[in-house]
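Please keep the sequence and the model at hand while reading.

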Amino acid sequence: MLIATKTAHFRPNGFTIHVLHPIATLVLFLCGTILSTCPYIYALEPDNRRVPNIVLILADDMGFSDIGCYGGEIETPVLDSLAANGLKFTQFYNTGRCCPTRASLMTGLYPHQTGLGHMTSGKYLAPGYVNAIGENCVTFAQVLKPAGYRSYHIGKWHVINEKDSQDTGNPSFQNWPRQRGFDRNYTMLSGAGSFYDPKTMARDNTRISVAADKDYQPEQYYFTDAISDHAMTYIKDHRRQHSDKPFFMYVAYTAAHWPMHALPEDIAKYKGRYDAGFDKIRQARYKKAKQVGVIGDESPLTPTVGDWNNVKNREWELRCMEVYAAMVDRMDQGIGKIVGTLKGEEIFDDTLICFMQDNGGCAEGRGRQARGNLKVRQRKPTLPPMKDTDLQMEMIPKQTRDGYPLIMGPGVMPGPADTYIAYGRDWANVSNTPFREYKHWVHEGGVATPLIVSYPNGIRKSGGVAKDVGHLIDIMATCVDYAGANYPSEHAGKPITPMQGVSLRPILEGKQLKRGKPVFFAHEGNSAIREGRWKLVAKKNDVQADRWELYDMEADRSETTNLAAGHPERVADMKTRWYRWAQDAQVFPSVFLGETPAEEYHAMRTQQG
Ligand SMILES: [Ca+2]
């Protein structure tokens, strides 16, 4: 069994073993003979003979019901098909924000345990807030390498200090993808930028300007396409050069984070699709989300935030959402290219694909205020053009490469490269249907994400809906499980914090998941604990004022009726657990919640031991 198991770790299904020692061949033959006469052993460990390739796809700033198979009207046939032939999770969680989610996903830890408890800049000087992933955590690529995997990163990174992502002088490269175990990467080091000229781009350890990138010169550069194209190339190259090894690929799209940038042909598809306004679209989504089985009567539709009757510039608002939908649509087309490549290489059935989103729909108002008096594109460039070789280091460029000034504010129709606009709070509320709140908060609108899992040779019953509570931390545990890898207790001489999640493999195999502990949330002081059917949650100010909200998620997942007053003991118990976790997980000392956990927590902890 040992030899069979070990062989398996280097032999995904369909790959051939090129050289075998004669004795190993004999042992394998004998094992095979024994196993073939003993179906019980096969039944016990059916996957010992193969490990999957793993493709994680992360989308940016999207709500629970944006994609088609979660209730949205946005056309996402590829994701819908992955779900129809795989599994979709209805109660999966992220952390509510870009970089903490990425730090958590990539390491299997809670964000503060990695050092990236908030963002990639700031002067907090506490262990949970060092603005980058630290030395006491390891990434997927570092964990899977000893198990025989090659690893690739494509897209947004956002787990390094902003100074290191911006500084072209002499920055530290220690948290760039290559130094974090990835064999190849095409990466935007920081958090956001133009889709036509993204900032802080790097290929492997070299900074690049996409305009002067000899390795990739499409007719029209668009970041979403560049990500999809690089994923295809890496898969094909891997198959040509390393077909004896499995691979891990982390594809981090920036769709549909602001700015609302999309290609004209994709925007055209959505012209008129949102004319009914916020409330009608939310109602339609709510109905469809129920039909497709991702919510039920336990999730009432929360009140619509935006009032369509009071919208002054409807044409502009509609255009914002049309472009947003086009961005998601284009990402789905790109995922289609990746899936098509896996199928073309005949490895799709042995590839574990997970799709998820990093936080809920984003209510930030970026670019929704005018910058100067310009509202329309100028007839000709008014600024000196940039050189192709100039590195783009601006999140919000002042101009396009060919010299058009950037325009923002109400009435500026988003989509092209010289615009920079977010779709705003009221569409974010539509994205997060049926839930309330947004990115930044840890109510369901901020932290609930679709999780679609595809693995034709690993999912027992396809097309199902998994209602188990899950969190980003489980993805590492799942990958370690399937890869037969060991999560290290030490790396490069530093102790490594144990991974926090549980493998989701039992769910894929039609068995019961035993989690055994709650999942926790903390972002900018907004705090929550989900334990079975109960969720205790509070915004920052309410944590400080000790006004926590309690919800029964089996009766009220939309968090409409606060039951805290009727359950004082449950509230106290869950709060104690949250404070204990927060203390252990480096949430404290916190610039948001103070130097030490609240006094009452200390009192309760002393009482309870
Ligand atoms: Ca995000």
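Two strands are taken to pair if DSSP finds at least two bridges between them. In this predicted model, strand E13 and strand E14 run antiparallel and are joined by 5 bridges, and His523 stands opposite Asn526 in E14.

These strands belong to an open sheet of 4 strands in the order E13-E14-E15-E16, with antiparallel pairing. Strands E13 and E16 stand at the edges with a single partner strand each, so one side of each is left without a neighbour in the sheet. From one strand to the next the twist averages 15 degrees. Helix H18 packs on the sheet, where it touches E13, E14, E15 and E16, and its direction makes about 65 degrees with that of E15.

| Element | Residues |
|---|---|
| Strand E13 | 519-523 |
| Strand E14 | 526-531 |
| Strand E15 | 534-538 |
| Strand E16 | 549-552 |
| Helix H18 | 568-584 |

On the scale of the whole chain, the division is into domain 1 (2-44), domain 2 (53-508) and domain 3 (519-608), and the C-alpha centres of domain 1 and domain 2 lie 39 Å apart.

The largest nonpolar core holds 167 residues, of which Val251, Tyr324, Val328 and Cys354 touch the most other members. Helix H12 (residues 314-344) gives the largest share of this core, 14 residues. Because domain 2 and domain 3 both give residues to this core, it lies between them. Leaving aside residues up to four places away in sequence, Cys354 touches Leu56, Ile57, Leu451, Val453 and Ile475.

Conventions:
Residues numbered from 1 in each chain as written. Predicted model: local features only at pLDDT ≥ 70, side-chain atom pairs only at ≥ 80, totals over all residues. Domains from an automatic or database assignment. Helix = DSSP H or I, 4+ residues; strand = E, 2+ residues; numbered from the N terminus. Axes fitted to C-alpha atoms, helices over the stretch in contact; angles between N-to-C directions. Contact = placed C-beta atoms within 7 Å. Core = buried A, V, L, I, M, F, W, Y, C linked by C-beta atoms within 7 Å. Buried ≥ 20, exposed ≤ 12 C-beta atoms within 10 Å, placed from the backbone.
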